[in-house]
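Dear colleague,

Please find the structure below, handed over for your reading. My notes on what was found in it follow directly after.

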There are 4 protein chains.
Amino acid sequence: MGNDSRLTDWERRAEVPLGVASLLFLTSYAVRVLGHDLPEAVRDTALALTCASWALFLIDYGVRWRLSGLGPGFVSRRWLDTVVVLLPLLRPVQIVKVYDAVQRRHGHPRLSLHARVIVYAGLSVALLGFAGALAVYHQEYAAPHATIRTFGDSVWWTCATLATVGYGDVAPVTPAGRVIAVGLMGCGLALLGAVTGSFSAWLLQVFSREDGEGPPAS
Amino acid sequence: MGNDSRLTDWERRAEVPLGVASLLFLTSYAVRVLGHDLPEAVRDTALALTCASWALFLIDYGVRWRLSGLGPGFVSRRWLDTVVVLLPLLRPVQIVKVYDAVQRRHGHPRLSLHARVIVYAGLSVALLGFAGALAVYHQEYAAPHATIRTFGDSVWWTCATLATVGYGDVAPVTPAGRVIAVGLMGCGLALLGAVTGSFSAWLLQVFSREDGEGPPAS
Amino acid sequence: MGNDSRLTDWERRAEVPLGVASLLFLTSYAVRVLGHDLPEAVRDTALALTCASWALFLIDYGVRWRLSGLGPGFVSRRWLDTVVVLLPLLRPVQIVKVYDAVQRRHGHPRLSLHARVIVYAGLSVALLGFAGALAVYHQEYAAPHATIRTFGDSVWWTCATLATVGYGDVAPVTPAGRVIAVGLMGCGLALLGAVTGSFSAWLLQVFSREDGEGPPAS
Amino acid sequence: MGNDSRLTDWERRAEVPLGVASLLFLTSYAVRVLGHDLPEAVRDTALALTCASWALFLIDYGVRWRLSGLGPGFVSRRWLDTVVVLLPLLRPVQIVKVYDAVQRRHGHPRLSLHARVIVYAGLSVALLGFAGALAVYHQEYAAPHATIRTFGDSVWWTCATLATVGYGDVAPVTPAGRVIAVGLMGCGLALLGAVTGSFSAWLLQVFSREDGEGPPAS
């Protein structure tokens, strides 16, 4: 129990700093990728900030590993955390948890389940999409025969991918860009599942309510 | 209560005029966008009508804001209305509400929930699709290297987008056209969610009815 | 009641002949469209058979209108029949009903609801897809700048459309071809809804059965 | 009963050897398809191994047919097995069953139903996708005007197909490649159905649990 309470304690305390670090990571990565014309000093600072926030995630991961007392089993039991450390671009998605915690701390009632699913899915997809567009642009813009040449192209391509529309007027051509693209397709599938699933669950709730309203069960 | 009843009163009275204004807005916008060969006077009249109906929506929004007595909170509480005023092309979707009201006023029974979901989704998608096709055509037809050159191309592209098929034989190339396209993709995702969700909810209802029919629960 | 029973009687008797006429319609249309190299006499016979089976559908429609005693209301009450008469390519889908009737007549138990949904959706999509591929090929193969040049291209494009994948390597370019394509996209959306909805309904059934198995409700 | 118990006995014993043969089949097929530069002897060995494992599946099919005592009815009653024998690329999907059996033999509790659906769908799609990418590459890489020229292209195209995104920047051009592609599209539809259906079922379970938690039904 000592380990568990210390782990919970750590996670509660680390919540806000890690949330800030997530935004810092995304912002500095965006500056690094997009700021071709910025002075070299600014770009180097951005790179340093990106690395520093990644280091913070690594430290947090290590501390939680140790506090959990699980040993090597931690990697498989908390596999989502592991993925997030390896692919730090995914980190900002955890800001949704922070937002929810802040709302509750301020005494606001929790959102309804439908609203929460929509907010989670919407924010996650927006953050993942932005990070994915940055990463694909970083891989593609200088590649020979690339069709994704500006960040605008990359955002446009990301939207078409997340909606599973996929025009193909622009598409990644480098192996690294395509690997990121497959990840974004997975997000698109999950988004579709979330939208469709929520709608179907909401409809069923409304149906059962309407059925119940009719003749009272006396 | 005074505010509430006055607001409801206003909304009831404004329903039909605003519905007419919605159709006028869409029609005059279509004339303006599509009528390249019409005399200048007609095109200017169309523009004036578009602006006039937009002004009507703004006035209606202002009146409702005032009657609601919510102050600045109105913007976030009635965010759908706010979006509709900012993007007046979305306005015609509210005609679905008018249709439902007219049906009830004439003593017709309300449609079944399934039928209503299908009618709402179908009409909304048709209106949004038509408005989106107009707007994308307006942005694209004169752009260099554009592939959407006729209104027919634009409608074809809109259908492929709303069905999340996305051939990509024609696709918007201007930033403004692509922003509208992303909105249409969102509509496509929602349409897919509505179709799938309705089907799954209907199947589940049929299943539970068949299960109930079998052995009586005596 | 007299009208109703006579209508039911007619429908029962007309079932098999109309099912045969449906197949004849599809076959002769396929021969007409695909048989560029057949002697003119064969092609003319095919055209005549197509028209004859269409005439049969028209006669059946007229008889049912009259027997129903609904007058003009028949058009809106039986709108699916009306659509089928106007677009005779959709007719073969009704063969599913014939198959189901034959199964029951032979004393076979009806299929389970899941199986029926899958069989309906599968057969309908296969027939509609074949008819759609024929119609699109008919419109496209001789058009300038067409990418659908062989019937194989047309079938390939139809599959990609029905699965909402939409590569866009081949795509219709004529207005008539695109109108048919939009119909096929609608089928694709419905197919997706049927697959997803069945899966979700089946999962929910399995879940509720597993929940019930656990601790007995004693 | 004797037949049934002997069939079950055979299936239990053949489970692990057939699982190994599945992997061998996939591996040797991959070596054969991808190893253009390997010495001819290695490629011939790979081909021999592919044929040998296929022969094993045929033998297993024959034994099960005989033990089932069903006669020709076996083909339709166990149609999935028949499909697997005809299209041996589909065989590795049965490894999911082996994994589940191994887990239970080691005393591990069975996975929850959601986890099992996800594991089944994920593994099946990964195996089918890999096999499909191999088969399409085999058909396409030497075809004139082919856009799928490397195995990387083929994997990229497979991912875009399974997610129903379908960019169309690369697409099969040979008839055989397109037939395999249609099969992969079907997998993509089923995957979408599994993802969406699981999500919707999970949401409905959570909703009904939350509803039950509120006011006790006392």
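Thr161(D) sits in helix 7 of chain D, which covers residues 151-162. Please bear in mind that the model is predicted. Thr161(D) counts as buried, because its relative accessibility is 0%, and the limit for a buried residue is under 20%. Its side chain comes to 2.9 Å from the backbone oxygen of Trp157(D).

Contacts between chains D and B

Four residues of chain D meet four residues of chain B. About 210 Å² is buried between chain D and chain B, and carbon and sulfur atoms give 39% of that area. Between chain D and chain B there are zero salt bridges, and there are also zero residue pairs in polar contact with both residues at pLDDT 80 or more.

Salt bridges

Over all chains, the count comes to 16 salt bridges.

In chain A, Arg64(A) pairs with Asp60(A), with 2.6 Å between the closest N and O atoms. These two residues are separated by about one helical turn, because they stand four residues apart in helix 2 (residues 40-68) of chain A. Arg64(A) and Asp60(A) are both buried.

In chain B, a salt bridge links Asp9(B) and Arg13(B), whose closest N and O atoms are 3.8 Å apart. Both belong to helix 1 (residues 2-34) of chain B and are four residues apart, about one turn of the helix. Asp9(B) is partly exposed at 31% relative accessibility, whereas Arg13(B) is exposed, with a relative accessible area of 61%.

Arg178(C) forms a salt bridge with Asp153(B), and the closest N and O atoms are 3.0 Å apart. This pair joins two chains, because Arg178(C) lies in helix 8 (residues 175-213) of chain C and Asp153(B) in helix 7 (residues 151-162) of chain B. Arg178(C) is buried at 12% relative accessibility, and Asp153(B) is buried with a relative accessible area of 13%.

Chain A and its relation to chain B

Chain A has eight helices and zero strands. Of its 218 residues, 44% are buried. Chain A exposes about 11100 Å², and carbon and sulfur atoms supply 68% of that. Among its contacts between residues at least 6 apart in sequence, 63% join residues at least 24 apart.

Chain B superposes on chain A by a rotation of 90° with 0.0 Å of shift along the axis, at an RMSD of 0.0 Å. That is the relation of a four-fold axis.

With kind regards

Terms used. Residues are numbered from 1 along each chain as its sequence is written. Chains are lettered from A and ligands numbered from 1 in the order in which they are written. This is a predicted model: local features need pLDDT of at least 70, side-chain atom pairs count only at pLDDT 80 or more; totals for chains, interfaces and linings use all residues. Side-chain values use heavy atoms; hydrogens and water are left out. Buried means under 20% relative accessible area, exposed over 50%, partly exposed in between (1.4 Å probe, protein chains only). Contact means heavy atoms within 4.5 Å. Accessible areas come from the Shrake-Rupley method with a 1.4 Å probe; for residues, only the protein chains shown count as cover. Copies are superposed by least squares on the C-alpha atoms of residues with pLDDT of at least 70 in both. A polar contact is a pair of N or O atoms within 3.5 Å; within protein, one must be able to donate a hydrogen and the other to accept it, and residues adjacent in sequence count only if both atoms are side-chain atoms. Buried area is the accessible area (1.4 Å probe) that two parts lose on being put together, summed over both. A salt bridge is a side-chain nitrogen of Lys or Arg within 4 Å of a carboxyl oxygen of Asp or Glu.
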